[in-house]
Amino acid sequence: MENFLTAHKIHDLLVKKQVTDKELVDSCIERIEKYDGTIGAYLNKNYEEARKAADKVDEKISKGEEIGCIEGVPFALKDNICTKGIPTTCASKMLEGFVPPYDASVTEKLYKARAVLIGKTNMDEFAMGSSNENSAFKKVKNPWDIDRVPGGSSGGSAAAVASGEAAFALGTDTGGSVRQPASLCGLAGLKPTYGLVSRYGLIAFASSLDQISPFTRDVHDMALILNAIAGYDAKDSTSYNRQTMDYRKALTGDIRGMKIGIPVEYFKEGIDEKVKKSVFEAIDIFKSLGTEVFEVSLPHTEYSLAVYYILSSAEASSNLARYDGIKYGYRAKDYTDAIDIYTKSRSKGFGDEVKRRIMLGTYVLSAGYYDAYYKKAMKVRSLIKQDFEDAFKKCDILISPTSPTTAFKIGEKTQNPLSMYMSDICTVPINIAGVCGMSLPCGFLNNLPVGMQLIGNYFDEYKLIKAGYAFQKNTNYHKMTPEIREGE
Amino acid sequence: MMGVSRKDVQYVAELARLEFKSEEIDRFTHDLNNVLDYVNKLDELDTENIEPLANPVHIENALREDELEESLDREEVLMNAPDKLHGYFKVPRIIEG
């Protein structure tokens, strides 16, 4: 069986009875068993339930009942999205063995659409990182080159889809944690507008930036998955109450007259020249499709990363205060009193990068520094948001590189936290402003995928899908698949 | 702005309920100073009359009726507790008496 099937192709095969869902799910499991020892995408596998779910889908099909458009499609969830009865660890020793007593809203929605959960995926601990080297359990390898990182923090979800171990996956994107790994693994990765997808049941990192975000093989699938997970949820007080739409309507292929802005600040120093060249070649394709392309300026871009590290660390230090060794999670042994439980459990339960962010966050929120750092960053956040609002008065979407480079070597950036943080330089402004962004493959350098980022205004996901679909109709980058070199 | 000292790091660690070995304090002091040096570039900007922004997408307070709803099962919730007793979380004595 073909290993790199899209969700829409799977639907066609099931409806035409060319394959059973049992066969599909089994072949996916076989592939995980063959390759995941090398790739390390999964932390927890859900085979038994997946097979049962597949049987039910097959039963419906054999009775001649209609099936939904992602029904029976095998998918993976990042291990910070709650799944009732299935361990959810955030790849942290702190939550090792934690079994949520409830499902996240997105989990419920995908179950309701009868997609088939194959397993939970590896990640940087508590979603903090850009390379997946911060998992407390194991590193994830890039399927295109197992000596390289898949990106992060949703690297497990990206690697699972890129290696054919799932048809699609959900990750979470706080500063680029889905778009950057999508770029490094040759996939579509969409960070929706803040508030479009419910965060209920997502284990929080930075609540004003986090957004649950899908990885798919192509833009057609992106429309299907976004249809399944978007929408108002009373359980998330930041969920935005607005009319839902069918994103499939954006799959027209016709983008004549669309206005595309090139934000000049995203093509400055620090971005690999060859990556820029690939993005400019993609821009030429957009021009040939009848769009109007011109330069725009987002003058505060260079301050985004500083704002991001202050705000995300501040929010993280507050969110992660709940891990105290009392109600759930890791509790250290040999404590003397309650305070000692907190201190010992947190010191032994969290890894270095998580501690680094908690320390930075606690520092910028502490008395005497709040105004200088936290409040200052919130003010600059206003300026960054204003930049986007001004740009979107002139154009429909923006286009930029997603990541400054293609996938880097494992270990290359672990010694210097700041150089690792720079990986997100093109993606963090989108989270700060709360607008939407989608990474799509737009070229290859030395057999490694290059990603471009399409950026849209608030709730303009359909424009990203429209532009992305037109691009993919005229290119083949999204059809490329890696040949996985088996490791140790 | 002034750099962060080892003493500052120890103080912040206490606030965050974290403890570090001596060499870890050196490392965290170094890393924290590096990141703060970098984020200090925000001082280049005059933000005197700019409003701080907490939530990128404006939403009015989400309120709901105070109605009785089913909540999580106590046993299921306690399943994740490191230590429990008779349906409660168990902790060491906090109030001396």
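**Entry 1: what I count as a cavity.** Before giving any volume I note that a cavity is a set of grid points where a 1.4 Å probe fits but cannot get out, and that its volume is the space filled by probe spheres set on those points. I also keep in mind that this is a predicted model. Rolling a probe the size of a water molecule over the atoms shows where empty space is left.

**Entry 2: the cavities.** I looked up how many cavities of 30 Å³ or more the rule counts, and the count comes to three.

**Entry 3: lining of the largest cavity.** I find 14 residues lining the largest cavity, and those nearest its centre are Asn3(A), Leu24(A), Ser27(A), Cys28(A) and Gly164(A). Helix α2 of chain A, residues 21–39, gives the most to this lining, with four residues. Sorted by class, the lining of the largest cavity has seven nonpolar, three polar and four charged residues.

**Entry 4: lining of the second largest cavity.** Here I find 13 lining residues, with Gly129(A), Ser130(A), Ser177(A), Tyr308(A) and Asp424(A) nearest the centre. By class, I note five nonpolar, six polar and two charged residues in the lining of this second largest cavity.

**Entry 5: the interface of chain B and chain A.** I next asked how many residues of each chain are in contact with the other. The size of an interface is often given as the accessible area lost when the parts come together. For chain B and chain A I note a buried area of about 5,300 Å², of which carbon and sulfur atoms give 70%.

**Entry 6: pairs across the interface.** I looked up the polar pairs, and the rule finds 17 residue pairs in polar contact across the interface of chain B and chain A, both residues being at pLDDT 80 or more. On the side of chain B that touches chain A, the elements giving two or more residues are α1 (6–15), α2 (22–39) and α3 (74–78) of chain B. Of these, α2(B) gives the most, with nine residues. I divide the residues of that side of chain B into 33 nonpolar, six polar and 12 charged.

**Entry 7: salt bridges.** Across the interface of chain B and chain A the rule finds five salt bridges. I looked at one between Arg27(B) and Asp352(A), where the closest N and O atoms are 2.8 Å apart.

Methods: Residues are numbered from 1 along each chain as its sequence is written. Chains are lettered from A and ligands numbered from 1 in the order in which they are written. This is a predicted model: local features need pLDDT of at least 70, side-chain atom pairs count only at pLDDT 80 or more; totals for chains, interfaces and linings use all residues. Side-chain values use heavy atoms; hydrogens and water are left out. Contact means heavy atoms within 4.5 Å. Buried area is the accessible area (1.4 Å probe) that two parts lose on being put together, summed over both. A salt bridge is a side-chain nitrogen of Lys or Arg within 4 Å of a carboxyl oxygen of Asp or Glu. A polar contact is a pair of N or O atoms within 3.5 Å; within protein, one must be able to donate a hydrogen and the other to accept it, and residues adjacent in sequence count only if both atoms are side-chain atoms. Ala, Val, Leu, Ile, Met, Phe, Trp, Tyr, Cys and Pro count as nonpolar, Asp, Glu, Lys and Arg as charged, and the others, Gly among them, as polar. On a 1 Å grid over the protein atoms alone, a cavity is a set of points where a 1.4 Å probe fits but cannot get out, and a pocket is an open set with protein on both sides within 12 Å along at least five of seven lines; lining residues have an atom within 4 Å of a point.
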